[in-house]
Amino acid sequence: PLFSVAVLADPHAYGSADNLQRLGAAVAWIEDNAAERQIELVLVLGDVSWNDGLADARAALDILTMPYVPVIGDNEVHSDDEQAWDEAFASHFQLMANELDGWRKAEVPVWHPDAEEDVWLQNTAFYVQGVHFVGLDWAARGVDGILGEAGFLHDFDGCTFPWFEDEVAAAADGAGESVIFFTHIPMHLGAFDLEQMAALTGVTGPAADLVYANLAGHIHVNAEVEVEDGGYIVFVTDAVWDDENTIRMIQVSGNGQRFEYEHELVIVP
């Protein structure tokens, strides 16, 4: 056993005191159990907050005494708060550059040809004890309606898909099962069309021995599906704000050659 990761999805810490309280309860549980469970990282998988709730969400998460890394969700994009989200967490990401090994964050904004505007794609990467974490922003840009809920590759210079390809290539010398993608939009379960899923698995399939999982939110359920041709498992975690307040705990073990992972779903009162 090396360390543990706590995963939170979809806090929706905006417009409801109850939602912010539920996020606070999840943060308090993580803090109370950090030493016993060796929690060294918290991942917050999108739909964190938007509009005037961004400051409150950031304050709630800043109580954490271990590194935490959020990704942006589709709700922040639909609320036209991409830039505001980036600015709200900018100083936190500067701290993470000093706290997480090999920290990298993609430059923003970047021109998006389909959306025909600048976008603030939130792509990150770093290491914890040899595990290669890659944050990927698949949230749709430049579309409305039901398509706004889907995943898009953003396969343009400076955008998400080239970042994804580069990070998988950078893992070539890593240990077995050492790469974890964390996203808001799941990299399967109908979030992408068949052509886009083939593009994803075309990158990860040849690196299947290195790639472990995609940790995601968005669909407000707990789910698990193995993507056999991609060599990884998608683990979706239920929303903090909805139904049972859920934290996914992942115990990481390794021997220098390979990593293994044990999952537990914790329900916070």
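**View 1. Glu264 and Arg37 meet through their side chains in a salt bridge.** The N to O distance here is 3.0 Å. Glu264 belongs to strand E14 (residues 259-268) and Arg37 to helix H1 (residues 17-37), so this pair ties together parts that are 227 residues apart in sequence. You are looking at a predicted model, in which local features need pLDDT of at least 70, side-chain atom pairs count only at pLDDT 80 or more, and totals for chains, interfaces and linings use all residues. A salt bridge here is a side-chain nitrogen of Lys or Arg within 4 Å of a carboxyl oxygen of Asp or Glu, and a search of the whole structure finds six of them. Helices (H or I, at least four residues) and strands (E, at least two) are DSSP runs, numbered from the N terminus. Glu264 is partly exposed, with a relative accessible area of 37%, and Arg37 is partly exposed as well, at 23%. For these labels, buried means under 20% relative accessible area, exposed over 50%, and partly exposed in between (1.4 Å probe, protein chains only).

**View 2. Glu82, Asp137 and Arg141 are linked in a network of salt bridges.** The side chains of Glu82 and Arg141 meet at 2.8 Å, N to O. This pair links distant parts of the chain, with Glu82 in helix H4 and Arg141 in the loop between strand E8 (131-136) and H5, 59 residues apart. Both Glu82 and Arg141 are buried.

**View 3. Glu167 and Arg104 form a salt bridge of 2.6 Å, N to O.** Glu167 comes from helix H5 and Arg104 from strand E4, 63 residues apart.

**View 4. Phe93 and Trp103 form a stacked ring pair.** Searching the whole structure gives 15 aromatic pairs. In this one the ring centres are 5.7 Å apart and the planes are at 25°, so the pair is stacked. Phe93 sits in helix H4 (residues 82-99) and Trp103 in strand E4 (residues 101-105), ten residues apart. Rings of Phe, Tyr and Trp (its six-membered ring) pair if their centres lie within 6.5 Å; planes under 30 degrees apart count as stacked, over 60 as edge-to-face and the rest as tilted. Phe93 is buried at 4% relative accessibility, and Trp103 is buried at 15%. Ring pairs also join these two with Trp85, Phe89, Phe126, Phe133 and Phe182 into a cluster.

**View 5. Tyr212 and Phe235 make a tilted aromatic pair.** Their centres are 6.0 Å apart, with 35° between the planes. Tyr212 lies in strand E10 (residues 211-216) and Phe235 in strand E12 (residues 232-236), 23 residues apart. Tyr212 counts as buried at 9% relative accessibility, and Phe235 does too at 4%.

**View 6. Helix H6 (residues 194-204) has a buried face.** Its buried residues are Gln196, Met197, Leu200, Thr201, Val203 and Thr204. Down the axis of H6 they fall within an arc of 155°, so they line one face of the helix; the arc is that of the directions from the helix axis to the C-beta atoms. They pack against helix H5 (160-170), strand E9 (179-183), strand E11 (223-227) and E12, where contact means heavy atoms within 4.5 Å. The face turned away from the buried side carries the exposed residues Leu194 and Glu195.

View 7. The backbone oxygen of Tyr68 lies 2.6 Å from a polar atom of the His92 side chain.

Notes
Residues are numbered from 1 along each chain as its sequence is written. Side-chain values use heavy atoms; hydrogens and water are left out. A polar contact is a pair of N or O atoms within 3.5 Å; within protein, one must be able to donate a hydrogen and the other to accept it, and residues adjacent in sequence count only if both atoms are side-chain atoms.
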